[in-house]
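The sequence and structure are shown below.

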Amino acid sequence: DGNKVLLQVVRYFFYNGEEYVVLGDAQQDDCGCHCGECEHSCDDEDDEEAVNLYIMKVVQPADDEETEEFVPVEDEDLLSKLIEVVQTDFEKEEELDDEE
């Protein structure tokens, strides 16, 4: 829609020999002020906020090895598989965190 959004890389992963990236809404750091006037919630540090995640294919232009482009995945079947892979990966990570 022509709107600009600030995203951060959550993680890179490979699927069938192709590189993909999970992007999430950029999180604003806790300023530590506890003023209640900030855009983020200083008082509710333990509350988990919903974060939008996006899966995109990583493409490196042939003429520039330092630059990456993130291209939306348009194949709905492939996107469903990628979502499944990412969900499984996050669930395994949560289980490991719970064990510690």
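Which side chains meet in a salt bridge with an N to O distance of 3.3 Å? In this predicted model, they are those of Glu18 and Lys57. The pair links distant parts of the chain, since Glu18 belongs to strand β2 and Lys57 to strand β3 (residues 53–59), 39 residues apart. Glu18 has a relative accessible area of 33% and is partly exposed; Lys57 is likewise partly exposed, with a value of 29%.

**Overall architecture**

Of its 100 residues, 17% are buried. Among contacts between residues at least 6 apart in sequence, 45% join residues at least 24 apart. The chain exposes about 8,300 Å², of which carbon and sulfur atoms supply 42%.

**Salt bridges**

| Pair | N to O distance |
|---|---|
| Arg11 and Asp89 | 2.4 Å |
| Arg11 and Glu93 | 2.6 Å |
| Glu18 and Lys57 | 3.3 Å |

Arg11, Asp89 and Glu93 are linked in a network. Arg11 forms a salt bridge with Asp89; this pair joins strand β1, which holds Arg11, to helix α1, which holds Asp89, across 78 residues. Arg11 also forms a salt bridge with Glu93. Because Glu93 lies in helix α1 and Arg11 in strand β1, this pair ties together parts that are 82 residues apart in sequence.

Arg11 counts as buried because its relative accessible area, 15%, is under the 20% cut-off. Asp89 is partly exposed, with a relative accessible area of 34%, and Glu93 is partly exposed at 36%.

**Surface and backbone features**

A negative surface patch is formed by Glu91, Glu94, Glu95, Asp97, Asp98, Glu99 and Glu100. One of these residues, Glu100, is found in the segment after α1 (76–99). Glu100 is exposed, with a relative accessible area of 79%.

Most residues other than glycine have a negative phi. Asn16, although not a glycine, has a positive phi of about 50°. Asn16 sits in the loop between β1 (7–15) and β2 (18–25), where its relative accessibility of 67% makes it an exposed residue.

Definitions and conventions
Residues are numbered from 1 along each chain as its sequence is written. This is a predicted model: local features need pLDDT of at least 70, side-chain atom pairs count only at pLDDT 80 or more; totals for chains, interfaces and linings use all residues. Side-chain values use heavy atoms; hydrogens and water are left out. Patches are made of residues with over 30% relative accessible area and no salt bridge: like charges are joined within 9 Å, nonpolar side chains (Val, Leu, Ile, Met, Phe, Trp, Tyr) within 5 Å. Accessible areas come from the Shrake-Rupley method with a 1.4 Å probe; for residues, only the protein chains shown count as cover. A salt bridge is a side-chain nitrogen of Lys or Arg within 4 Å of a carboxyl oxygen of Asp or Glu. Lys and Arg count as positive and Asp and Glu as negative; His and the chain ends are not counted. The place of a charge is taken as NZ of Lys, CZ of Arg, CG of Asp or CD of Glu. Helices (H or I, at least four residues) and strands (E, at least two) are DSSP runs, numbered from the N terminus. Buried means under 20% relative accessible area, exposed over 50%, partly exposed in between (1.4 Å probe, protein chains only). Contact means heavy atoms within 4.5 Å.
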